[in-house]
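User: Hi! Could you walk me through a structure, one question at a time?

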Amino acid sequence: MNLSLRKIVLASLLTLGAYPVAAHHATTMFDHAKVVTINGVVKEVHWTNPHVGIYVDVASKDGGEAALWVIEMTSPGNLVRAGGWTRNAVKPGDKVVIDMAPLRDGKKGGALKKVTIADSGKVLTADIRAQERANLEQEAPAK
Amino acid sequence: MKHFLNVLAAALLACSATSFAQNKPAEKPIINPAPTAKDWADIGKLPDWSGVWNPNISDQDKQHVTNPPPWNAKAAARIQFQQAELKAGRPTPLFVNCLPEGHPSWMMISHNALEILFTPGRVTMLGESDGGRLRRIYTDGRGHPLDPDPTFHGHSIGKWEGNVLVIDTIGVLPQSYIAPSEAHGIPNNGDMHTLERIWVEKDVMHVYMKITAPNVLTKPYETTRYYFRQRARKFDIVEGVCQEGYFAPRIDKDGYHVYEPQPHDVGGNRIPPK
């Protein structure tokens with residue numbers, strides 16, 4: 001193994017296209033039937049449209065090679081609405097655990113499902129389909 | 001001498017034509033009148049469409065299966081190919097070039113929020129992608145131009161029927177897709193006409209569309225898409241420049257913040273380093 005894999009979990013999805021990341025293009029180049037988890041250190045965050053990208057250095061483990069992974073997400077606007085995200089929510093140098101749907105071609109990339117920031121324990125997701133009702137947070141106290 | 005007379009006659013004819021043209025009454029330009037206080041007051045009588053509207057993406061996914069457009073045989077064959085490619089993990093890269101999703105795909109399959117502004121004589125839809133996703137819908141009573149220059153969103157005229165905005169659109173670029181998903185779509189191939197009826201019920205915006213595209217559909221396609229109203233400030237529309245994703249922010253040797261091209265694969269994803 002050339003990466004730190006904690007687990008590969010088969011997940012069932014009912015319909016094609018019901019994925020949390022798609023923003024401007026389809027995402028079936030990612031295998032949404034799998035979850036790959038990596039432990040690493042954030043190298044760069046590209047807080048850009050139409051997809052935010054996170055580069056994560058994964059150290060060698062168990063004799064495997066170190067690798068740089070690219071994790072794709074939805075747009076900055078959609079992430080902010082998903083809750084908890086800002087452009088600095090995940091920063092270079094952060095130790096992270098990332099669950100992703102991996103690229104089908106085996107390259108070091110995936111579509112984010114969940115990121116956990118090790119030091120704070122903060123968990124962030126990117127499911128824009130979780131917002132499909134009106135007046136979200138309407139009941140929240142004014143800031 | 002004969003040649004001289006011919007030239008002279010031609011010159012006199014030209015002078016006469018010029019004189020006629022100069023004397024012809026100039027075509028009166030159409031002036032858009034300045035809005036009056038009443039015009040602004042009338043805006044207040046329109047239904048409240050304020051806030052930010054995010055799409056029902058799950059319903060888009062569902063309608064891709066349950067309510068596909070009535071494609072003609074040629075278009076259906078391409079859709080079948082796209083479906084096979086999608087299942088194989090090679091989705092057709094319809095929108096990865098950062099050209100606008102255009103009309104009617106924006107209203108059908110956007111994953112991004114939009115807002116709607118009312119001003120005298122116009123309704124304006126502003127979206128959050130493509131760099132400047134925008135529809136101008138004229139409600140000042142004008143008709144369509146006889147031969148409008150085709151654009152991604154076409155030429156739209158609207159009228160209010162009670163609380164329903166009825167929009168008629170022509171002049172959409174033939175390259176603009178009719179896309180039931182981000183991985184399935186066929187260029188409308190020209191002569192497309194759409195009729196929309198938009199209304200709001202209990203903070204849900206209904207966008208009924210009747211798409212007539214005789215070059216790719218066997219009959220008009222009818223669909224209703226849904227958007228949810230949000231008033232939480234975190235839903236405010238933000239800038240969304242699609243091309244930005246094709247570059248990586250860097251600092252050059254002189255200390256200037258610059259963008260460097262970022263390689264992407266054919267599907268539009270950043271290419272992971274080897």
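This is a predicted model: local features need pLDDT of at least 70, side-chain atom pairs count only at pLDDT 80 or more; totals for chains, interfaces and linings use all residues.

User: Which residue takes a positive phi in the hairpin of β5(B) and β6(B)?

Analyst: Residues are numbered from 1 along each chain as its sequence is written, while chains are lettered from A and ligands numbered from 1 in the order in which they are written. Strands here are DSSP runs of E with at least two residues, numbered from the N terminus. The hairpin has two residues between its strands, and the one with a positive phi, near 65°, is B:Gly162.

User: In what sense do β5(B) and β6(B) pair, and over how many bridges?

Analyst: Two strands pair if DSSP finds at least two bridges between them. In this pair, B:Gly158 stands opposite B:Ile167 of β6(B). β5(B) and β6(B), the latter at residues 164-170, pair in the antiparallel sense over seven bridges.

User: What radius of gyration does chain B have?

Analyst: This value is taken over C-alpha atoms, and the globule rule is 2.2 Å times the number of residues to the power 0.38. For 274 residues, a compact globule would come near 19 Å, but chain B has 25 Å.

How values were computed: Helices (H or I, at least four residues) and strands (E, at least two) are DSSP runs, numbered from the N terminus.
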